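Here is a short note for a colleague who is opening this structure for the first time. The points can be followed with the sequence and the 3D view side by side.

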Amino acid sequence: MKHLNQDELVLHYYGEHADPAVAQHLADCEDCRAHLESLTRVLDAMDDLEVPEPSDAYGSRVWQRLAPELAPSPARWWAGWFAPRRLVAAAAMAALLIGAFLAGKVSERRQMAGLSAPVRERILLVAVGEHLDRSQMILVELVNNESKGPVDISEEQQRAEDLIGENRLYRQAALKSGDRAMSSVLDELERVLLDIAHSPSKLDAAGLEQIRKQIEGQGILFKIRVVSANLREREVPPARGKAGTI
Amino acid sequence: MEPSDATAVAQVRAGNPDAYRVLVERHSRSVFRLAFRMTGNEQDAEDLVQETFLRAYRQIGKFDGRASFSTWLYRIAANCSLDLIRVRKRRQEQQTPVNEEGEELAGAVAAADPTPDRLAFSGELKELLRPAIEHLSPMERTAFVLRHYEGMCIEEIGRALGVNTGAAKHSVFRAVQKLRRALEPALSSASS
């Protein structure tokens with residue numbers, strides 16, 4: 001057997017090399033053993049990477065900050081996109097968005113319910129991001145539908161209808177906060193969603209092509225992707241210096 | 001007696017958010033450790049813990065129980081961390097151009113190459129570990145942390161990060177190669 005390369009030695013170190021010939025070769029080959037020892041020194045040294053040990057009360061502290069953010073009924077939170085309750089949640093989120101955007105950045109003073117301001121802001125951004133993701137999914141499904149014959153889009157219409165109310169709230173929030181780019185994209189999206197919702201539920205090839213052209217013609221998918229990418233960037237907390245102990 | 005993870009998950013899914021407390025209290029310390037290894041910063045790690053549990057709560061309907069709850073949670077934590085360090089790396093690159101693989105930064109670790117005297121104390125070697133891991137690309141760092149510290153096999157890492165097994169393996173290999181390059185001279189000096 002030829003000498004083992006580094007990748008094989010790494011797999012061996014982590015116990016992911018099932019081939020018994022490798023172990024046998026290591027037993028027989030002094031060079032490969034020396035390489036393995038050298039690799040082992042480096043990887044064992046990585047075990048010394050220091051990590052602060054959270055106190056026993058850490059879990060309780062996390063819970064205290066998190067609990068106010070949890071919806072009373074999580075099952076409805078993600079399963080009930082089609083329920084009227086969804087609009088209530090969106091309204092609440094939009095209200096928070098208005099506050100956050102009007103203030104520019106959520107300041108330390110605006111900390112609510114024990115959550116840090118950046119975390120709160122990211123939660124809001126995630127909510128809008130998810131709305132855009134769901135909208136994008138409908139549009140992509142329609143654009144990629146290659147049916148030649150009549151096609152039933154009633155499911156997409158139902159989803160579009162559910163998103164319209166939510167979209168309106170987010171658009172108003174963005175408008176009030178002066179976020180023109182966001183409100184403009186949401187405005188265009190709303191019109192497309194309305195068109196989809198008000199189309200006949202059974203479309204022939206020409207009808208489907210018309211909707212597809214409308215979506216592609218406005219470049220709404222591209223705009224949503226740009227705004228979503230921007231939101232994802234803002235969702236991530238900025239780099240900060242080391243904090244105190246936990 | 002506290003309920004098992006599976007029982008707590010079922011209760012949360014049934015609409016009882018208070019049941020989530022058991023899961024948060026049971027797993028938050030290990031999620032913190034993972035997040036800290038990824039970021040090297042306590043405040044970022046705390047924020048990531050918060051975000052991980054929030055995302056997990058909102059996605060718990062998608063948890064299919066095939067993996068353990070902790071494995072599923074680590075996947076979310078790893079992806080949150082990966083997003084964070086990717087963005088941070090992009091910002092750094094805008095300020096100081098480096099390539100995607102961080103080769104120039106690997107040189108910076110070498111520049112900190114300690115003399116044997118500096119390594120007279122093992123504590124000084126520890127000081128090299130954080131810079132060495134921070135000079136890995138985001139994907140390499142994540143794959144390495146999951147493999148080395150969390151004990152995930154390469155196949156699991158691929159699933160967790162949404163890449164194929166070959167890509168996960170390659171990330172671990174490259175990470176180890178860079179760590180060797182950065183640390184081996186210091187370790188040799190220390191042992192000679």
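1. A definition comes first, for use in the point on helix packing. An axis is a line fitted to C-alpha atoms, for helices over the stretch in contact, and the angle between two axes runs from 0 to 180 degrees between N-to-C directions. The model discussed here is predicted.

2. Helix packing in chain A. Helix 2 (residues 20-28) of chain A packs against helix 3 (residues 30-45) of chain A at about 105°, and their axes lie 6 Å apart. Angles of 65 to 115 degrees count as roughly perpendicular, and helix 2 of chain A and helix 3 of chain A are therefore roughly perpendicular to each other. On the side of helix 2 of chain A, the contact is made by His25(A), Leu26(A), Ala27(A) and Asp28(A). Helix 3 of chain A contributes Glu30(A), Cys32(A), Arg33(A) and Leu36(A). By class, this contact of helix 2 of chain A with helix 3 of chain A has 4 nonpolar, 1 polar and 3 charged residues.

3. Helix 3 of chain A by itself. Its 16 residues should span 22 Å at 1.5 Å a residue, and the end C-alpha atoms are 22 Å apart, which agrees. Which residues of helix 3 of chain A are buried? They are Cys32(A), Leu36(A), Ser38(A), Leu39(A), Val42(A), Leu43(A) and Ala45(A).

4. Helix 9 of chain A. This helix covers residues 180-198, 19 residues in total, and reaches 27 Å from its first C-alpha to its last, close to the 27 Å expected at 1.5 Å a residue. Its buried residues include Met182(A), Val185(A), Leu186(A), Leu189(A), Val192(A), Leu193(A) and Ile196(A). Ser183(A), Glu188(A), Glu190(A) and Ala197(A) are buried in helix 9 of chain A as well.

5. Aromatic pairs. Over all chains, the structure holds 9 aromatic pairs. One of them joins Tyr13(A) and Tyr14(A) edge-to-face, at 5.0 Å centre to centre and with 85° between the planes. Are these two residues buried or partly exposed? Tyr13(A) is partly exposed because its relative accessible area is 23%, while Tyr14(A), with 13%, is buried.

6. An aromatic pair between chains. Tyr58(A) and Phe32(B) form an edge-to-face pair with 5.5 Å centre to centre and 65° between the planes. Tyr58(A) lies in helix 4 (residues 58-66) of chain A and Phe32(B) in helix 2 (residues 20-39) of chain B, so the pair joins two chains. Both Tyr58(A) and Phe32(B) are buried. Ring pairs link Tyr58(A), Phe32(B) and Phe36(B) into a cluster.

7. A serine in chain B. Ser70(B) lies in helix 4 (residues 69-95) of chain B. Buried means under 20% relative accessible area, so Ser70(B), at 18%, counts as buried.

8. Chain A overall. Chain A has 11 helices and 2 strands, and from the N terminus on its elements run α-α-α-α-α-α-α-β-α-α-β-α-α. Of its 246 residues, 45% count as buried. Among contacts in chain A between residues at least 6 apart in sequence, 73% join residues at least 24 apart.

9. Chain B overall. Chain B has 9 helices and 0 strands. Buried residues make up 54% of the 192 residues in chain B. For contacts in chain B with a separation of 6 or more, residues 24 or more positions apart account for 62%.

Methods
Residues are numbered from 1 along each chain as its sequence is written. Chains are lettered from A and ligands numbered from 1 in the order in which they are written. This is a predicted model: local features need pLDDT of at least 70, side-chain atom pairs count only at pLDDT 80 or more; totals for chains, interfaces and linings use all residues. Side-chain values use heavy atoms; hydrogens and water are left out. Helices (H or I, at least four residues) and strands (E, at least two) are DSSP runs, numbered from the N terminus. The expected span of a helix is 1.5 Å times one less than its number of residues. Buried means under 20% relative accessible area, exposed over 50%, partly exposed in between (1.4 Å probe, protein chains only). Rings of Phe, Tyr and Trp (its six-membered ring) pair if their centres lie within 6.5 Å; planes under 30 degrees apart count as stacked, over 60 as edge-to-face and the rest as tilted. Angles under 35 degrees count as roughly parallel, over 145 as roughly antiparallel, 65 to 115 as roughly perpendicular and the rest as oblique. Contact means heavy atoms within 4.5 Å. Ala, Val, Leu, Ile, Met, Phe, Trp, Tyr, Cys and Pro count as nonpolar, Asp, Glu, Lys and Arg as charged, and the others, Gly among them, as polar.
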